[in-house]
Amino acid sequence: MNSYGARMRDHYAKHRATELAAISNPEDFFEQLGLQISEEVRTLADQIAGPSSPSEGYVERLGRLTEAKATAESDVLREYMKPGLSQG
């Protein structure tokens, strides 16, 4: 299970205990959910970051990509952690 799956499992344990109890195979559910979130974050981060510029230096590129990933994680996780929305 990746870090997104683990975060969602913890979120369900704290905020969605009833939904968690209804999941027949929590390990598989959160493993798959983590993979799904990871792919969504990667896709959105690529869209946010946009193409590289030939004049862009290493530090600038690293900063742009890091900021894009942080923004994508925040946006995607916010959607999955909305109250009352089952993702599986």
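Which residues are buried in helix 3? Buried here means under 20% relative accessible area, exposed means over 50%, and partly exposed lies in between (1.4 Å probe, protein chains only). The buried residues of helix 3 are Phe29, Phe30, Leu33, Gly34, Ile37, Ser38, Val41, Ala45 and Ala49. The model is predicted: local features need pLDDT of at least 70, side-chain atom pairs count only at pLDDT 80 or more, and totals for chains, interfaces and linings use all residues. Residues are numbered from 1 along each chain as its sequence is written, and side-chain values use heavy atoms, with hydrogens and water left out.

**View 1**
Helix 3 covers residues 26-49. Helices (H or I, at least four residues) and strands (E, at least two) are DSSP runs, numbered from the N terminus. Helix 3 has 24 residues and reaches 34 Å from its first C-alpha to its last. That is close to the 34 Å expected at 1.5 Å a residue; the expected span is 1.5 Å times one less than the number of residues. The buried residues of helix 3 pack against helix 1, helix 2 and helix 4. Contact means heavy atoms within 4.5 Å. Just after helix 3, Gly50 takes a positive phi of about 70°.

**View 2. Helix 4 and its buried residues.**
Helix 4 runs over residues 58-80. Its 23 residues should span 33 Å at 1.5 Å a residue, and its end C-alpha atoms are 33 Å apart, so the two agree. Arg64, Ala68, Ala72, Val76, Leu77 and Tyr80 are the buried residues of helix 4. They pack against helix 1 and helix 3. Thr66 also lies in helix 4. Thr66 counts as partly exposed because its relative accessibility is 48%. Its C-alpha is 8.8 Å from that of Ala49, 17 residues apart in sequence.

**View 3. Helix 1 against helix 4.**
Two packed helices are described by the angle between their axes and the distance between the axes. Helix 1 and helix 4 pack at an angle of about 35°, with axes 12 Å apart. Axes are lines fitted to C-alpha atoms, for helices over the stretch in contact, and angles run from 0 to 180 degrees between N-to-C directions. The crossing of helix 1 with helix 4 is right-handed. A crossing is right-handed if the near helix is turned clockwise from the far one by less than a right angle, and left-handed if anticlockwise. Helix 1 contributes Tyr4, Arg7 and Met8 to the contact; helix 4 contributes Lys69, Glu73, Leu77 and Tyr80. These residues divide into 4 nonpolar, no polar and 3 charged. Ala, Val, Leu, Ile, Met, Phe, Trp, Tyr, Cys and Pro count as nonpolar, Asp, Glu, Lys and Arg as charged, and the others, Gly among them, as polar.

**View 4. Arg16 and Tyr80.**
Arg16 sits in the loop between helix 1 (3-15) and helix 2 (17-22). Arg16 counts as buried because its relative accessibility is 4%. The side chain of Arg16 reaches the backbone oxygen of Tyr80 at 3.4 Å. A polar contact is a pair of N or O atoms within 3.5 Å; within protein, one must be able to donate a hydrogen and the other to accept it, and residues adjacent in sequence count only if both atoms are side-chain atoms. Tyr80 belongs to helix 4. Tyr80 is buried, with a relative accessible area of 5%. The C-alpha atoms of Tyr80 and Ile37 are separated by 8.5 Å, at 43 residues apart along the chain.

**View 5. Met81 and His11.**
Met81 is in the segment after helix 4. Met81 counts as partly exposed, at 27% relative accessibility. Not counting residues up to four places away in sequence, Met81 touches Arg7, Met8, His11 and Arg16. His11 lies in helix 1. His11 is buried, with a relative accessible area of 11%. Leaving aside neighbours within four places in sequence, His11 is in contact with Arg16 and Met81.

**View 6. Glu56 in the loop between helix 3 and helix 4.**
Glu56 lies in the loop between helix 3 and helix 4. Setting aside neighbours within four places in sequence, Glu56 is in contact with Arg61 and Arg64. The side chains of Glu56 and Arg64 are joined by a polar contact of 2.7 Å. Glu56 and Ser24 are 32 residues apart along the chain, and their C-alpha atoms are separated by 49 Å.
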